[in-house]
Amino acid sequence: MAAYLSHVSCSATFTSSASKNSFSPSPLSPSSIKVPTFSPLTVKPFSSMFTPHAAHAITLTAHATSTPSSIPSDTSSTTTFHGLCYVIGDNIDTDQIIPAEYLTLVPSNPDEYEKLGSYALVGLPSSYATRFIEPNETKTKYSIVIGGANFGCGSSREHAPVALGAAGVKAVVAESYARIFFRNSVATGEVYPLESDVRICEECTTGDVLTIELGKSRLINHTTGKEYKLKPIGDAGPVIEAGGIFAYARKTGMIPSQS
């Protein structure tokens with residue numbers, strides 16, 4: 001009880017002391033309050049705030065290299081491939097073309113580019129008795145690959161067409177392609193992805209001697225004596241011939257050439 005009375009006494013003392021030191025402001029009279037005055041707002045017409053400047057005018061001039069006549073067409077191409085063919089079947093995916101374990105190789109490095117080619121088609125099943133690349137070799141003797149439907153399906157890795165090109169392949173002829181493989185082939189400029197209306201993979205045998213004439217969209221099998229009509233490569237031809245999309249852009253003046 002003594003402690004409680006002591007606490008109440010201290011609180012009362014504090015309150016009394018604070019009340020003595022409190023400040024009471026003097027009341028403000030209306031005449032002491034000054035209200036700011038504003039002049040009427042003048043609004044200028046919107047058109048007077050902006051004056052056209054001559055430097056803002058833009059003149060577009062067509063570049064000579066952008067005209068259709070200056071871009072080469074594959075219809076007059078004299079590119080011809082001649083060599084042995086390697087025949088594979090349908091649904092050859094990118095894991096079979098170049099397994100994922102070799103994707104650490106950098107194609108821009110010449111040594112690694114060559115090594116990448118030595119692993120091309122190493123992922124094919126054992127049912128393919130003939131090896132695409134002989135042991136201890138980095139290049140293939142088969143410069144033309146004949147495939148079936150949906151060639152290059154699977155992942156979007158650019159290493160697939162690059163590996164074939166690094167191995168020495170010039171063209172692939174298939175019944176159809178996975179769209180991403182076709183696009184990567186054109187973008188990298190490594191191989192020509194050519195299409196046929198018939199299943200050439202069922203009429204050719206690994207080791208047959210072939211000739212591909214791009215200008216005539218024709219494939220000749222010298223071993224069997226048969227000829228086949230290919231679908232025109234179209235606008236993709238000049239891009240591949242130039243060495244890929246960036247090389248083609250530099251060649252046609254779309255981007256500056258490398259100094």
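Modeller: A cavity is a set of points on a 1 Å grid over the protein atoms alone where a 1.4 Å probe fits but cannot get out. Its volume is the space filled by probe spheres set on the points. This is a predicted model: local features need pLDDT of at least 70, side-chain atom pairs count only at pLDDT 80 or more, and totals for chains, interfaces and linings use all residues. Residues are numbered from 1 along each chain, and side-chain values use heavy atoms, without hydrogens or water.

Biologist: How many cavities of 30 Å³ or more in the whole structure?

Modeller: The search finds 2.

Biologist: Which residues line the largest cavity?

Modeller: Among them are Leu194, Ile212, Glu213, Arg218 and Lys231 (lining means an atom within 4 Å of a point). By class, the lining has 6 nonpolar, 1 polar and 3 charged residues. Ala, Val, Leu, Ile, Met, Phe, Trp, Tyr, Cys and Pro count as nonpolar, Asp, Glu, Lys and Arg as charged, and the others as polar.

Biologist: Helices now. At what angle do α3 and α4 pack?

Modeller: About 95 degrees, with axes 7 Å apart. So α3 is roughly perpendicular to α4 (65 to 115 degrees).

Biologist: Which residues of α3 make the contact?

Modeller: Tyr113, Leu116 and Gly117 (contact means heavy atoms within 4.5 Å). The contact of α3 with α4 has no charged residues.

Biologist: New topic. Where is Glu137?

Modeller: In the loop between α3 and β2. Glu137 and Tyr119 are 9.8 Å apart in space, C-alpha to C-alpha, and 18 residues apart in sequence.

Methods. On a 1 Å grid over the protein atoms alone, a cavity is a set of points where a 1.4 Å probe fits but cannot get out, and a pocket is an open set with protein on both sides within 12 Å along at least five of seven lines; lining residues have an atom within 4 Å of a point. Axes are lines fitted to C-alpha atoms, for helices over the stretch in contact, and angles run from 0 to 180 degrees between N-to-C directions. Helices (H or I, at least four residues) and strands (E, at least two) are DSSP runs, numbered from the N terminus. Angles under 35 degrees count as roughly parallel, over 145 as roughly antiparallel, 65 to 115 as roughly perpendicular and the rest as oblique.
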